[in-house]
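This briefing goes through one protein model by topic. Please keep the sequence and the coordinates open while reading.

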Amino acid sequence: MTEQSPIAFSHLVSAIAQQIEQARGQVRQAVNTAMVQSYWEIGRLIVEHEQQGNSHAEYGKQQLQQLSQQLTERLGKGFDVRNLRNMRQFYQSFPKRNAVRTELSWTHYRTLLRIENDQARDWYLQEAINQSWSARSLERQISTLYYERLLASQDKSLVEAEAQHNTQPLVETAKDYLRAPYILDFLNLQDKTYQESQLEQAIISNLQQF
């Protein structure tokens with residue numbers, strides 16, 4: 001048997017690693033898309049079915065608690081009253097399904113929901129996509145009133161430079177993303193001590209069932 005050169009072996013390792021990273025990225029995107037679309041649908045069901053489509057009606061706290069309790073008993077974690085309110089508001093803020101961008105995670109959307117100004121919210125959403133902001137970077141830009149300062153400033157380049165300096169690029173790995181507690185709750189993976197291979201297989205199996 002002919003021994004391969006170290007360079008050839010290194011290329012093999014790189015090719016395999018690249019394939020695995022690509023697969024992890026695809027799983028990450030599948031999880032994110034399923035989560036965002038599912039939570040939008042849950043919000044729609046609460047608004048349209050439970051409230052008869054009246055966006056101004058207040059879904060009583062007791063009713064939300066009952067809904068939360070039954071969903072938790074049936075589906076596991078991730079359906080507390082606060083999350084259900086967020087899902088309801090998600091649908092109300094983005095009533096057109098094709099306006100929901102799956103490039104952003106549920107954490108991005110929860111941050112965007114805190115913005116009352118529709119124009120500001122839409123601007124932050126588009127910038128988060130265009131600039132590949134992480135959820136933490138998006139929250140930082142909102143907390144520093146980036147949009148408002150940009151509108152009020154006569155020297156927009158200075159504000160943009162400051163924002164760029166404060167922005168953290170989207171460097172979170174697929175493995176880190178898939179280990180996030182709210183991802184595990186969404187997939188109803190109760191054991192938080194999964195080995196990496198077990199975690200990936202559990203996620204893939206759960207998505208196939210979904």
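A patch joins residues with over 30% relative accessible area and no salt bridge, and nonpolar side chains are linked within 5 Å. On that basis, Phe9, Leu12, Val13, Ile16 and Ile20 make a nonpolar surface patch of about 460 Å². The model is predicted. Its protein chain has 11 helices and 0 strands.

**Overall layout**

- Along the sequence, the protein chain reads α-α-α-α-α-α-α-α-α-α-α.
- The protein chain has 210 residues, and 37% of them count as buried.
- Among contacts in the protein chain with a separation of 6 or more, 61% are between residues 24 or more positions apart.

**Phe9 and the nonpolar patch**

- Phe9, one of the patch residues, lies in helix 1, which covers residues 6-50.
- Phe9 counts as exposed because its relative accessibility is 51% and the exposed class begins over 50%.

**Salt bridges**

- The salt bridge count comes to 6.
- In general, side chains of opposite charge can pair when their charged atoms come close.
- Arg44 pairs with Glu41 in a salt bridge at 2.9 Å, N to O.
- Arg44 also forms a salt bridge with Glu48, where the closest N and O atoms are 3.3 Å apart.
- Arg44 and Glu41 both lie in helix 1, 3 residues apart, about one turn of the helix.
- Arg44 and Glu48 are separated by about one helical turn because they are 4 residues apart in helix 1.
- An α-helix has 3.6 residues a turn, so residues three or four places apart point the same way.
- Arg44 is partly exposed at 22% relative accessibility, Glu41 is partly exposed at 22%, and Glu48 is partly exposed at 33%.
- Glu103 and Arg101 meet through their side chains in a salt bridge at 2.7 Å, N to O.
- Glu103 is partly exposed, with a relative accessible area of 45%, and Arg101 is partly exposed at 25%.
- Salt bridges with shared partners join Glu41, Arg44, Glu48 and Arg97 into one network.

- Which residues does Gly43 contact, leaving aside its neighbours within four places in sequence? They are Met87, Arg88 and Tyr91.
- Gly43 is in helix 1, and its 0% relative accessibility makes it buried, since buried means under 20%.
- Gly43 and Tyr91 are 48 residues apart along the chain, yet their C-alpha atoms are separated by 5.1 Å.
- Met87, Arg88 and Tyr91 are among the buried residues of helix 3, along with Val81, Asn83, Leu84, Asn86 and Phe90.
- Helix 3 has 13 residues, which at 1.5 Å a residue should span 18 Å; the end C-alpha atoms are 18 Å apart, so the two values agree.

**Helix 5 and what covers it**

- Helix 5 runs over residues 118-130 and has 13 residues.
- From first C-alpha to last, helix 5 reaches 18 Å, close to the 18 Å expected at 1.5 Å a residue.
- The buried residues in helix 5 are Ala120, Arg121, Tyr124, Leu125, Glu127, Ala128 and Ile129.
- What covers these buried residues includes helix 3 (81-93), helix 4 (106-112), helix 6 and helix 7 (146-152).
- At the start of helix 5, a side-chain oxygen of Asn117 comes to within 2.9 Å of the backbone nitrogen of Gln119.
- Just after helix 5, Ser132 has a positive phi of about 55 degrees.

- Is Ser137 buried or exposed? Ser137 counts as buried because its relative accessibility is 1%, and the buried class is under 20%.
- Ser137 sits in helix 6, which covers residues 135-143.
- The side chains of Ser137 and Ser134 make a polar contact at 3.1 Å.
- Helix 6, which holds Ser137, is among the elements that cover the buried residues of helix 5.

Terms used
Residues numbered from 1 in each chain as written. Predicted model: local features only at pLDDT ≥ 70, side-chain atom pairs only at ≥ 80, totals over all residues. Heavy atoms only, no water. Helix = DSSP H or I, 4+ residues; strand = E, 2+ residues; numbered from the N terminus. Buried < 20%, exposed > 50% of the residue type's maximum accessible area, 1.4 Å probe, protein only. Polar contact = N/O pair within 3.5 Å; in protein donor to acceptor, adjacent residues only side chain to side chain. Expected span 1.5 Å × (residues − 1). Contact = heavy atoms within 4.5 Å. Patch = residues over 30% accessible without salt bridge, like charges linked within 9 Å, V, L, I, M, F, W, Y side chains within 5 Å. Areas by Shrake-Rupley, 256 points an atom, 1.4 Å probe, with all protein chains shown as cover. Salt bridge = Lys/Arg side-chain N within 4 Å of Asp/Glu carboxyl O.
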